[in-house]
Amino acid sequence: QSEIEDLRTHDWATLTALASATTYAPQSSFTDAYSTRYTISRAIAPLSATKRRVWVVVGWTDNGGTAHTRDYKTIITKNGLYDYYYRSF
């Protein structure tokens with residue numbers, strides 16, 4: 001979840017410039033607190049000029065040696081996160 005939220009903080013130009021697929025280590029704030037046994041894979045695919053499908057897969061091995069994965073999929077849109085306030089007089 002935190003990786004998705006991190007992507008949501010990027011501006012549109014930065015998000016669209018990211019590699020379409022990559023595997024990387026979690027942020028050091030996470031690995032310092034928990035473990036270095038985690039890997040993250042991310043895929044970003046265009047749905048339209050203003051929409052991107054994002055898929056993040058996290059993998060880890062528990063202390064017993066069993067491998068686990070969890071995935072999270074979302075759509076991020078250009079100018080999609082903002083607060084709009086309308087007040088009529």
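The accessible surface of the protein chain is about 6,600 Å², and carbon and sulfur atoms hold 51% of that. Areas are Shrake-Rupley values with a 1.4 Å probe; for residues, only the protein chains shown count as cover.

A word on the source. This is a predicted model, with local features needing pLDDT of at least 70 and side-chain atom pairs counting only at pLDDT 80 or more, while totals for chains, interfaces and linings use all residues. Residues are numbered from 1 along each chain as its sequence is written, and side-chain values use heavy atoms, with hydrogens and water left out.

Next, the strands. Two strands pair if DSSP finds at least two bridges between them. β2 and β3 are antiparallel, with 9 bridges. A hairpin of 2 residues joins them. Across that pairing, I40 has V58 in β3 as its bridge partner.

β3, residues 51-61, also pairs with β4, residues 67-77. That pairing is antiparallel too, over 11 bridges. V57 bridges to D71 in β4, and T61 bridges to A67. This hairpin has 5 residues between the strands, and G65 takes a positive phi near 90° there.

What sits over the ring of W55? The charged end of K73 does, 5.0 Å from the ring centre. The rule asks for NZ of Lys or CZ of Arg within 6 Å of the centre and within 35 degrees of the ring normal.

On to the interior. Of the 89 residues in the protein chain, 19% are buried. Buried means under 20% relative accessible area, exposed over 50%, partly exposed in between, with a 1.4 Å probe and protein chains only.

Which residues make up the largest nonpolar core? There are 9: I4, L7, W12, L15, I40, I44, V54, V56 and I76.

Leaving out residues up to four places away in sequence, I44 touches L15, L18, A19, S20, R52, R53 and V54. Contact means heavy atoms within 4.5 Å.

Last point, range. Among contacts with a separation of 6 or more, 34% join residues 24 or more positions apart.

Technical notes:
Helix = DSSP H or I, 4+ residues; strand = E, 2+ residues; numbered from the N terminus. Core = buried A, V, L, I, M, F, W, Y, C linked by side-chain atoms within 4.5 Å.
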